[in-house]
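Here are my notes on this one, as numbered points. Have the model open while you read.

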Amino acid sequence: LIAIAGGVPDALAEFARISTLKIDIRQNLPNAEVLAALTRARFYLLFSDHEGMSMSTVEAVQAGCVAVVRRVGEIPR
């Protein structure tokens, strides 16, 4: 599952279309659905160039996911 706030980048939509992986892209999910998805997941990936320790990162860790984030925002501290 790829959860996105906002629009789906064209490159991601194309990758999902041609990939042999089963990729479910969802936009603007309510918080309860995000939390439910996190409890079923093992990993949480955040690719933001600006936000490292986001609220969803905290929620992912609380749900037991291994969080993989970039060294941006508050993460280096």
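**Pocket and salt bridges**

1. By class, 15 nonpolar, five polar and three charged residues line the largest pocket. Here Ala, Val, Leu, Ile, Met, Phe, Trp, Tyr, Cys and Pro count as nonpolar, Asp, Glu, Lys and Arg as charged, and the others, Gly among them, as polar.

2. Bear in mind that this is a predicted model: local features need pLDDT of at least 70, side-chain atom pairs count only at pLDDT 80 or more, and totals for chains, interfaces and linings use all residues. Numbering runs from 1 along each chain as its sequence is written, and side-chain values use heavy atoms, with hydrogens and water left out.

3. Back to the pocket: among its 23 lining residues, L1, I2, A3, Y44 and L45 lie nearest the centre. The largest share of the lining, five residues, comes from α2. (A pocket is an open set of points on a 1 Å grid over the protein atoms alone, where a 1.4 Å probe fits, with protein on both sides within 12 Å along at least five of seven lines; lining residues have an atom within 4 Å of a point. Helices, H or I of at least four residues, and strands, E of at least two, are DSSP runs numbered from the N terminus.)

4. There are three salt bridges, each a side-chain nitrogen of Lys or Arg within 4 Å of a carboxyl oxygen of Asp or Glu. D49 pairs with R70, with the closest N and O atoms 2.0 Å apart. D49 sits in the loop between β3 and α3 and R70 in the segment after β4, so the pair ties together parts 21 residues apart in sequence.

5. R17 and E14 also form a salt bridge, at 2.7 Å between the closest N and O atoms. They are three residues apart in helix α1, about one helical turn.
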